[in-house]
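Colleague: I have a new model to read. Can you take me through the fold and the surface, step by step?

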Amino acid sequence: MAYVDGFVIPVPKDKLEAYKKMALECGAVWKEYGALSFRENVADDAPVGKLTSFPQSVILEEGEVVVFSWITYESRARRDEINEKVMKDPRIASYMDPANMPFDGKRMIYGGFETMIDL
């Protein structure tokens, strides 16, 4: 079974192109080091809920959109190996600086998940 890193990110609409550029560059690096897939998805049908929702989870502000992303790996061990290399790669070093992120990294939700079902 695969291993997945998942992310929910608030991105200002006026920085969506900058985010896309960053994601394309970073995704290429992740794939080069062995990630199986790298997906970025922009919400177009994620309403604010009464108790919980994607917008509420990231404290979505006026002028922002939710981006739901994931990266898949062969296993958690491979994820750890790949991420260690990625974090040391100079091609993405500038994006790891919060001042250069086209979103508020403090409101990003992320985590690693073991695949339970893969149909």
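**Reading the chain**

Modeller: Start with burial. This is a predicted model. Buried residues account for 37% of the 119 residues in the protein chain. Buried here means under 20% relative accessible area.

Colleague: How many helices and strands does the protein chain have, and in what order do the elements run?

Modeller: The protein chain has three helices and four strands. From the N terminus on, the order is β-α-β-α-β-α-β. The radius of gyration is 15 Å, close to the 14 Å that the globule rule gives for 119 residues, so the protein chain is as compact as a globular protein of that length.

Colleague: What box do the C-alpha atoms fill?

Modeller: Along the principal axes, the box is roughly 40 × 35 × 20 Å.

Colleague: What share of the contacts joins residues 24 or more positions apart?

Modeller: Take the contacts in the protein chain with a separation of 6 or more. Residues 24 or more positions apart make up 82% of them.

Colleague: Now the surface. What is its extent, and how much belongs to carbon and sulfur atoms?

Modeller: The accessible surface of the protein chain is about 7,700 Å². Carbon and sulfur atoms hold 58% of that.

Colleague: Which residues make the nonpolar surface patch?

Modeller: Met 116, Ile 117 and Leu 119 make a nonpolar patch of about 480 Å². Met 116 sits in the segment after β4 (109-114).

Colleague: Why does Met 116 count as exposed?

Modeller: Check the cut-off. Exposed means over 50% relative accessible area. Met 116 has 71% relative accessibility, so Met 116 counts as exposed.

How values were computed. Residues are numbered from 1 along each chain as its sequence is written. This is a predicted model: local features need pLDDT of at least 70, side-chain atom pairs count only at pLDDT 80 or more; totals for chains, interfaces and linings use all residues. Side-chain values use heavy atoms; hydrogens and water are left out. Patches are made of residues with over 30% relative accessible area and no salt bridge: like charges are joined within 9 Å, nonpolar side chains (Val, Leu, Ile, Met, Phe, Trp, Tyr) within 5 Å. Accessible areas come from the Shrake-Rupley method with a 1.4 Å probe; for residues, only the protein chains shown count as cover. A salt bridge is a side-chain nitrogen of Lys or Arg within 4 Å of a carboxyl oxygen of Asp or Glu. Helices (H or I, at least four residues) and strands (E, at least two) are DSSP runs, numbered from the N terminus. Buried means under 20% relative accessible area, exposed over 50%, partly exposed in between (1.4 Å probe, protein chains only). The radius of gyration is taken over C-alpha atoms; the globule rule is 2.2 Å times the number of residues to the power 0.38. Contact means heavy atoms within 4.5 Å.
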